[in-house]
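Good morning, and thank you for making time for this presentation. I ask that you keep the sequence and the structure in view while I speak.

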Amino acid sequence: MTTDSMALTPSRLEEETARSPCLSENENISAKMLATKRRVLLDVLMACWGMGTWLGINGLYVQLPLLVERLPEGWALPASMTVAVQIANIGLLLYALFRRIFTMVKDAAYIYALLIIGALALLLNAFLYTETAMVGQTERSVAFLSLTFFAGLVGCTSSVLFYPYLRYFRDIYLATYLVGEGLSGFIPSILSLIQGVGGEPECVPYGDNSTIPIYPPARFDSTVFMLILAVLAIISFVSFTIIDSTKIFESERVSPTAAVKDEEAVQQFSLSHPKWLSTLLLMACLNALSNGVLPSIQSYSCMPYGTRAYHLAVALGTSANPMACLAGVWLRPVPAKALAAMLSVAVVPFTFILTTALMSPSPPLQHQAGGEALVVLSWVCVLAIVSYARMWVYGWARAGGARGMRACGVSTQIGSALGSLLLFSLVNYTSLFTQPDVCPTVIMDINFIFTFFATKNIEFLSMFLCWSPADILKLYHEASRWGFRLRIGNLEKVPELPAYDIYREGVFLDVGCHNFDHLLNEASATRAFNHRYTWLLFHDSPYNKSTVEKNLINSTILPDADVIWSTPDAMVDVYKVKEDLPLITTDLGLEKTRDLMELKTVWSQQPTAVTRRRDLGNIFLKSATLISQPQHFKGWSDLTKRHIDTFPKLTYPIMNLCAEDLHFRHNMKQVDLYGEERNGTFNGLAGLLQRNDVEIGITSMFMRQDRLRILHYCSETAELRGAFIFRQPSQSAVSNVFLLPFSDGVWWASFAMTMAMAALLAALGYTLHKADPELALLTPFEALSFAIGTACQQGFYRTPNLMSARLVMFCSLLMALFTFTAYSAKIVVILQTPSDAIQTISDLAKSPMTLGVQETTYKRVYFAESSDPATIDLYRRKLLPNGDRAYLSVDDGIARMRTGLFAFQVEQSSGYDIISKTFTEREKCGLKEVQAFRLPMVSVPIRKHSGYRDLLASRLRWQREVGLINREQRHWLAERPRCDAAGAGFLSVGIADILPAIQVLSAGALISVLLLLSEIVNYKMRRTGMKNIQNCFNICHFRKNTTSGVCMCRQLSTKPLNIFSKWFLNFQVKS
């Protein structure tokens, strides 16, 4: 209710006030008031007296947020109240009548009567405001409205009664009185803010399918509030008594004759002038708004946003009213154009106010903090601008003297009356403004329940409710029609709610049932508030956030939950950012009249839960990371040792980006182990997650079955590749390089051609030796020697004269040249190229290579768990006998691999990082990988049943899709080094490369020595045999056996002579 402190002033004092320093355009009032001699006690008494003018109306007005919920008029109470106040203007007529009848009665007597009436009205109202009576067929708050009428008498009549009395005092005290009138609205507003509203009503079950509202109490009730106002009204009465009846302020009084002279000097204007007509019309419109329209619709505009919004709008709006009035008194008035601009600006919030009232009980932005703040701000803005505009018009009307002020007062009353009566009629006799039932008496629409869960793709439905058997039977029928598997649960014995299963499940809970909290506690304990379950919590009362918080305060509904709080007027998404933080609610804006397809369309248009819940409010999440070798750790961006703790370094920037994206912070600790199982429990990082000491691991771990029992994973960050890396042995180490240049076919063809040429030369030598004596030397053995020498790029010591023989020798030499050239080129390439002899695990197991394995948590497990026979054979043959000596650090393993026949099982990224730094370019070209087993993926670990798993998984998948994770992989995971030196540079030939040649040379040398020895022995034996033959020849020559004609040397035949010796002997004898 507004303060009509300047509205009705038909007496001469208005003109005096128009010329008083308080409203002067040329003087600074505050400076003049401070510089003028004045009685401070009189200032205090004047302020206390002025406070009693509109105290009753303003005080009752700020109580409306509490009264509309308890009195039968409901949200229509403000409209009835404005009518009662407007009827109180009859006090003006009564005052005028009494002045004519009782001419000798002074104004002070009427003031005493009004102040007493105001105090009694407030005192009685404190105890009688809840009393009602039937008026026709409607229950009405007769006591409250009647006493409101008497409280209004003080304010309405004070404008024509209190101001004339002030003419007897110096004009400087008018400003003090106006301050008191401002306090009549300001003090009740402050008291109302202190009082509070207690909260939204809670509906509790009452009877069959019905509920009744229970209103939370304010800090003190309306009775105490009205008693405080009654005390303030008594203080106002006492203050006036002191001012009027004591003589201590005689020095501050003035004679009224001066005011009469000033009044006669005021210029009188014609009220038919267009400027005056427009001014009076503006005044009527402003008062129609402030005293009729706005108070009547405020409950419909604010109450849908909650009692708190209504309370703040009333309290702050009432405070803004006197502040605006005092601004009009104390400050220079703004130009008319500025005022027009202010009123134009006020059209925007006024339109919003009117829209919210007409759309009640479902206005825009309902159940949102932004809507609540916007409606309060709109009301304060409109009330402040309208109040200042009224004050501006009053100040301008003073220029018209008493006649202008009276016309302005009449316009004020006409506008207020018309606005109040119009809105009273619209509120009570039309359906433009609607108040919903505080607590509906019907249960939720069964069809909508099944429609809701059907759009969520739920087939199994558990319902916990306390409905009548008829309603439950109807549920079964509807469930059968919709194809749901329905289970009616018992809240006394809550069934098991596993957090994870192979199917999704819907849960419907009637929060009005007894022991409903048993189900909520069980779901919180088992983490059933997660994405597997879709929860629909039904409450039989209008949406009230405090009710939601009261019922769900102890429930663990984290961001992965799908929980909807449903009331007759709203459907709200509910979750907590953290277990110990308040609930966050989001109005989904769903109408329960939608069918299946419409609701599916709504869900498809709704942002996903991850999108809606991406802001975690800068909370701290406990986390842990792994640094296995702190002595080598030089920071998260250090690349000098990236093969050490690669995955923590890779995961750290990824999780930091997630923290920025989801708006949370890490509270991080450090461990040195990933975690191994010991007697059913894990150590290291896995142990922290198992004991719930941390929420997230800032690293990537193997996704293993044993770990899945005690923790979960968010999303894969990289594919870990492990293999035996080794340098392929050279060709000479696995085969004879001198045989490799040619295939078997080429070798056989070359041999055949060589033999053919040897045979051709031998044949030419045998047949044509008479024609060319040089050919006589080409015996078969010499021809074979020529062919072998030609293949070895050697010539012949003689050249035949015949062209045919020369042509054969030329072709032989030419063929040998081409063959040798190809052979030489090929063998150079073979010497520079590693072999490909080892291709499989079986080849590696059979090779002479020594094996080693990188030192990791699961260094033995993967070999032991392998089912591949070749891998098992390799482990038993190559690794198991070496024991712990087979397990090496990455640096040691790569160093051994470089210097010998050594294969090292290592994470490829770690191994290649060191290889790229330590191997020469040519050494990098001979690397070979053989995979013994496939390593599992690595993923970010998280506490089991964590409420942030889905959020983190979604954002990590997004990072992978846009390439952010790939960028980190390329940054931290070394790729296989490129072979840039293949076929280039200088390569020394070792002993192993020419070993077959050395072996052939050695074998030839050995054979030569043996042949030499045999020749020497043969030579000596031949010399001895020749001597014996000569002796035998001499004997036979002189002792010739004439009978046979042959010299028989029988003793020689017994000697071990060769056939040639015997032949030679017989030849000599014959000759």
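This is a predicted model: local features need pLDDT of at least 70, side-chain atom pairs count only at pLDDT 80 or more; totals for chains, interfaces and linings use all residues.

The protein chain has 41 helices and 24 strands. Of its 1071 residues, buried residues make up 50%. The chain exposes about 50,800 Å², and carbon and sulfur atoms supply 61% of that area. As for contacts between residues at least 6 apart in sequence, 78% of them join residues at least 24 apart.

Which residues have the most contacts inside the largest nonpolar core? They are Trp535 and Leu952, in a core of 94 residues. Helix H24, residues 646-662, supplies the largest share of this core, namely seven residues. Apart from it lies another core, of 60 residues, and its members include Leu55, Ala309, Ala313 and Val382.

Leaving aside neighbours within four places in sequence, tryptophan 535 is in contact with Leu497, Val507, Leu519, Ala523, Ala528, Phe529, Asp562, Val563 and Ile564.

I come next to the strands. Strand S24, residues 938-943, is mostly covered: six of its six residues are buried. With which strands does S24 pair in the antiparallel sense? One partner is strand S17, residues 701-702, which pairs with S24 over two bridges. In that pairing, valine 938 of S24 stands opposite phenylalanine 702. Another partner is strand S18, residues 711-718, with five antiparallel bridges to S24. Here arginine 943 in S24 is the bridge partner of leucine 711.

There is also an open sheet of five strands with mixed pairing, in the order S21-S20-S22-S19-S23. Its edge strands are S21, at 887-888, and S23, at 927-930, and each of them pairs on one side only. For S23, that pairing is with strand S19, residues 722-727: the two run antiparallel and are joined by four bridges. Within this pair, phenylalanine 724 has valine 930 in S23 as its bridge partner.

Now to the cysteines. How many disulfides does the structure hold? It holds one. The disulfide is formed by cysteine 466 and cysteine 513, with their sulfur atoms 2.2 Å apart. The torsion about the S-S bond is about -90°, and the disulfide is therefore left-handed. As to its placement, cysteine 466 lies in the loop between strand S5 (460-464) and helix H19 (469-482), while cysteine 513 lies in the loop between strand S7 (505-510) and helix H20 (516-525), so the pair ties together parts that are 47 residues apart in sequence.

Are these two cysteines buried or partly exposed? Cysteine 466, at 45% relative accessibility, counts as partly exposed. Cysteine 513 has a relative accessible area of 3% and is therefore buried. Cysteine 714, by contrast, is in no disulfide: the nearest cysteine sulfur, that of cysteine 658, is 8.1 Å away. Why does cysteine 714 count as buried? Its relative accessible area is 10%, and the cut-off for a buried residue is under 20%. Cysteine 156 also counts as buried, because its relative accessibility is 5%.

I close with two residues in helices. Aspartate 107 is found in helix H8, which covers residues 107-128. With a relative accessible area of 16%, aspartate 107 is buried. The side chain of aspartate 107 makes a polar contact of 3.1 Å with the side chain of arginine 99. Not counting residues up to four places away in sequence, aspartate 107 touches Tyr95, Arg99, Leu161 and Pro164.

Alanine 384 is found in helix H16, residues 369-397. Alanine 384 counts as partly exposed because its relative accessibility is 23%; a value under 20% would be needed for a buried residue. Where does alanine 384 stand relative to glycine 317? The two are 67 residues apart along the chain, and their C-alpha atoms are separated by 7.2 Å.

That concludes my presentation, and I thank you for your attention.

How values were computed
Residues are numbered from 1 along each chain as its sequence is written. Side-chain values use heavy atoms; hydrogens and water are left out. Buried means under 20% relative accessible area, exposed over 50%, partly exposed in between (1.4 Å probe, protein chains only). A nonpolar core is a set of buried Ala, Val, Leu, Ile, Met, Phe, Trp, Tyr and Cys residues joined through side-chain atoms within 4.5 Å. Contact means heavy atoms within 4.5 Å. A polar contact is a pair of N or O atoms within 3.5 Å; within protein, one must be able to donate a hydrogen and the other to accept it, and residues adjacent in sequence count only if both atoms are side-chain atoms. Two strands pair if DSSP finds at least two bridges between them. A disulfide is a pair of cysteine sulfur atoms within 2.5 Å. Accessible areas come from the Shrake-Rupley method with a 1.4 Å probe; for residues, only the protein chains shown count as cover.
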